[in-house]
Amino acid sequence: MPMKITNEPKDTTIIITLDGELDASSSVLLDEELSDPEIMKYSKILVDCKNLHYISSAGLGVFISHLQRFEDAQIKLIFFNMQEKVRNVFEILGLDLLMTIVSNYEEAITVSNE
Amino acid sequence: MSLQKLSTVFRFMLYKTNAKSLLITTAIVSWALLLATVLFSAESARQAGVARVALPYVNNLLIIAFITATFLHQRLSADNLKGIDFIGYLWNLFSKAGVAAYLSVALYLSYRMVTGYANLQSPLLLHLVYLINFGLLVIFLAKAFYIWRQLLLYHKNKFLQIAWNWFELLLFGTLLLTLFNFDYTSYVFLPLLALLGFYILFLCTNLKWVAYLTFNNKSRSLVLLGAILLSCYIFARFFHQLANSRELIIDFTDVAFLPLAMVFVGAYTLAAFLVSLFSLPTSSVFEQKSEDLLNFQRLSQSIQQGQSEVQVYDMLFDSTIKAADASAAWFEQMRNSEPQVTHLLHIGSEQIQRIRHLLLAYNIHNIDYINNNLDRNPGFRELQLPWKSLIILPIKSKKNLFGVLYLLKDIEQGFDRETVNVLRTFTSQTILTIENLRLVKESLQNERYKEELKIATQVQESLIPKTFPVDSWFEISTHAVAAKEVGGDFYDFLQLSESRIAIIIGDVSGKGISAAFHMAQMKGIFHGLMQQDMPPSEFMKQANSALSRCLEKTSFITSSLYIIDYRMKGFVFARAGHCHTLYYNAMMDEVFYFQTEGLGLGIIRDKSYNNHVREMYYDYNPGDVMVIYTDGIVEGRSPANEEYGEDRLLYMLTQTYHLDAEDIKYAIINDLQDFTGPDNLYDDQTLLVIKFKTIQPNS
């Protein structure tokens with residue numbers, strides 16, 4: 001299944017929607033999306049994982065490589081609507097302690113405004 | 001060649017030689033007999049004073065015998081002529097038969113001189129000369145007839161072959177008229193003569209061989225054809241003059257075969273002469289085309305001949321200059337996307353610089369461009385170049401620009417459509433050749449990479465331990481497969497002391513060569529750090545710090561380290577983002593995953609990592625089973641794209657914990673393969689099953 005990445009800017013927030021499987025080839029697309037200098041204009045990045053069915057180590061690597069940069073720029077990175085299976089991958093790797101993962105959009109908005 | 005075949009060929013040659021000598025003998029004998037009878041009748045006629053008391057039937061028979069023998073002999077000889085050396089044919093004809101005419105002229109003139117000088121009439125001498133000339137004529141005709149046949153049938157088709165066979169048959173048929181002493185000039189035979197006339201005209205149109213003569217060859221053939229034509233004329237004139245002569249008792253013009261053969265030979269010679277003459281101006285075009293064709297062929301064959309790109313460009317440069325008849329040219333080859341002039345013709349590098357600057361200013365470099373009137377353009381006029389036309393031909397495929405070819409001519413309208421088409425064909429053929437050459441090179445390179453990858457696989461295999469220390473207090477069984485030639489999974493062990501062993505498992509993110517390198521690095525770190533014997537959490541902290549300096553940004557490593565102390569009957573372990581350890585506790589009779597926290601290595605690259613790794617100590621009981629694995633196991637996919645999952649793995653252990661470590665491993669692997677189906681390996685799979693034993697006699 002090919003990956004579909006869409007973004008929806010809203011004021012200081014940008015919502016990135018991941019649709020499909022984030023494997024070695026599609027993670028290149030995600031890297032391009034996150035490397036875009038435009039993205040540094042926003043203070044909150046919300047990642048909608050509702051239709052993210054699988055994430056490979058390459059996909060995780062992309063988030064990890066940008067993590068420090070966003071933290072330094074005080075940009076909040078929040079994942080929401082994550083499927084159990086995918087969340088498990090984040091948890092095993094210990095990423096749930098580094099990244100903010102919440103159950104739904106409303107919660108994401110609340111957390112981002114804290 | 002078999003002996004039998006050899007003997008057949010030999011017999012055939014013998015037969016042919018025999019036939020030839022028989023024919024020559026027949027010809028000589030019949031001519032000598034003819035001479036004898038003619039001289040005898042001439043002498044008797046002179047003495048008797050009665051004109052023409054010849055023996056027509058005997059003479060005619062001898063004439064036919066002579067003609068037939070001579071023609072058949074030439075027919076056999078002409079078969080030896082092969083190949084396309086047409087000038088050789090013509091020379092053969094002229095040197096061996098054409099000169100006969102000049103000989104006959106010389107003979108007749110000397111006869112005239114002798115008789116004129118001595119002022120006497122000698123009918124016998126006249127008859128001798130007449131008969132010798134007859135002999136020469138027949139030889140000339142026979143030779144010419146069959147050499148023309150070879151040329152006429154060049155590039156023949158079936159129809160032409162049949163037409164020729166009938167013509168030959170018809171012509172020889174006219175000998176019958178002579179045999180029965182009919183007068184062929186009577187009206188009865190007019191249709192036959194007309195038919196033969198048209199036949200000859202038709203045959204004279206078959207002159208394909210002329211087209212294959214080059215300009216030089218055509219000039220030479222014109223000379224030879226002229227000489228042969230003159231021979232025809234001499235013979236015709238000689239026999240025509242002496243026709244119906246009262247001094248002669250025999251007249252060879254009465255033999256229908258001879259004038260007909262003469263008409264054919266003469267007409268064909270004339271036709272060949274005229275066609276050669278008129279095609280002379282166009283022959284250079286034909287030559288150019290055939291040379292172009294040859295060059296195309298050479299270009300397309302250069303791959304098979306293993307030529308280099310440089311040689312292909314050499315060929316392109318020479319061929320296009322010839323094809324366009326360019327006065328000056330240069331070729332720029334792209335090297336590291338910088339143009340470099342590699343070929344030059346009649347142009348200085350200073351002129352090239354000026355033209356390039358101008359083209360750059362017009363923004364028309366590296367594109368298809370034709371200017372057939374440079375003087376009309378003010379920019380070019382200013383440069384005061386000695387050329388009037390310019391064409392630029394880039395050698396480029398969709399992806400690459402290989403080079404640019406510039407051709408210049410000193411006339412206006414130098415590059416007409418026809419020439420440009422030929423040039424474009426040359427360049428596209430060159431592009432094809434260059435691309436193919438590169439493909440061949442690339443595939444060789446790939447072959448080499450494959451070889452190197454094979455070595456990498458072997459090296460990596462040697463990094464993974466094949467055997468664990470066999471001990472009485474625990475069993476260990478391992479399984480490891482890589483999805484690609486080299487993988488990112490690894491495991492290793494180190495005996496720390498007599499009663500303690502360290503076991504590590506890990507998974508490098510990504511696959512392929514870079515993962516394999518990191519895996520080797522991890523192995524080095526493991527052996528380096530564990531020499532100092534440190535607790536697992538400390539190991540993870542130091543490993544993270546070591547890896548932070550060399551791992552690329554998007555890479556990370558997950559790992560678990562276990563130190564088992566069988567004297568203490570316990571183990572301590574730390575997990576760095578690696579899959580949870582599956583465990584069977586024999587005392588509680590329960591199967592579970594150790595739920596410990598721990599962040600993967602290389603994710604946080606500073607001291608704060610230290611807060612993210614935990615250590616756990618656990619006492620084991622005899623009969624406990626520990627299953628250590630990588631995500632390739634739990635993320636194995638079924639054809640329906642379902643994951644194998646932790647739950648199924650756990651269930652498998654509840655069913656098999658009572659077995660030996662080896663059997664537990666096989667049970668899990670078999671179940672996994674049933675689940676994923678055959679040949680469905682996406683990720684490296686590593687599985688270690690450790691069973692703590694009941695009996696420990698050593699301790």
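**Strands, helices and a chain contact in a predicted model**

Guide: In this predicted model, strand 9 and strand 10 of chain B form a hairpin with four residues between them. B:K569, in the turn, has a positive phi of about 50°.

Visitor: What makes strand 9 and strand 10 of chain B a pair?

Guide: Pairing requires at least two bridges between the strands. Six bridges join strand 9 (residues 557–565) to strand 10 of chain B, and the two run antiparallel.

Visitor: Why is strand 10 of chain B called largely enclosed?

Guide: A residue counts as buried if 20 or more other C-beta atoms lie within 10 Å of its own. Five of the seven residues of strand 10 (residues 570–576) of chain B are buried, so the strand is largely enclosed by the rest of the structure.

Visitor: What is the order of the strands in the open sheet of chain B?

Guide: The order is 7-8-9-10-13, five strands with antiparallel pairing.

Visitor: Why are strand 7 and strand 13 of chain B said to stand at the edges?

Guide: Strand 7 (489–497) and strand 13 of chain B each have a single partner strand, so one side of each lacks a neighbour in the sheet. From one strand to the next, the twist averages 15°.

Visitor: Which helix packs on the sheet?

Guide: Helix 16 (residues 536–548) of chain B does, touching strand 9, strand 10 and strand 13 of chain B. The direction of helix 16 makes about 30° with that of strand 10 of chain B.

Visitor: Why are helix 18 and helix 19 of chain B called oblique to each other?

Guide: The axes of helix 18 (residues 645–656) and helix 19 (residues 661–676) of chain B come within 10 Å and cross at roughly 140°. Roughly antiparallel would need an angle over 145 degrees, and roughly perpendicular covers 65 to 115. The two helices are therefore oblique to each other. The crossing of helix 18 of chain B past helix 19 of chain B is right-handed.

Visitor: Which residues of helix 18 of chain B meet helix 19 of chain B?

Guide: B:L649, B:M652 and B:T656 meet B:I664, B:A667, B:I668 and B:D671 of helix 19. By class, the residues of this contact are five nonpolar, one polar and one charged.

Note on methods: Residues are numbered from 1 along each chain as its sequence is written. Chains are lettered from A and ligands numbered from 1 in the order in which they are written. This is a predicted model: local features need pLDDT of at least 70, side-chain atom pairs count only at pLDDT 80 or more; totals for chains, interfaces and linings use all residues. Axes are lines fitted to C-alpha atoms, for helices over the stretch in contact, and angles run from 0 to 180 degrees between N-to-C directions. Angles under 35 degrees count as roughly parallel, over 145 as roughly antiparallel, 65 to 115 as roughly perpendicular and the rest as oblique. A crossing is left-handed if the near helix is turned anticlockwise from the far one by less than a right angle, and right-handed if clockwise. Two residues are in contact if their C-beta atoms, placed from the backbone, lie within 7 Å. Ala, Val, Leu, Ile, Met, Phe, Trp, Tyr, Cys and Pro count as nonpolar, Asp, Glu, Lys and Arg as charged, and the others, Gly among them, as polar. A residue is buried if 20 or more other C-beta atoms lie within 10 Å of its own, exposed if 12 or fewer, and partly exposed in between; C-beta atoms are placed from the backbone.
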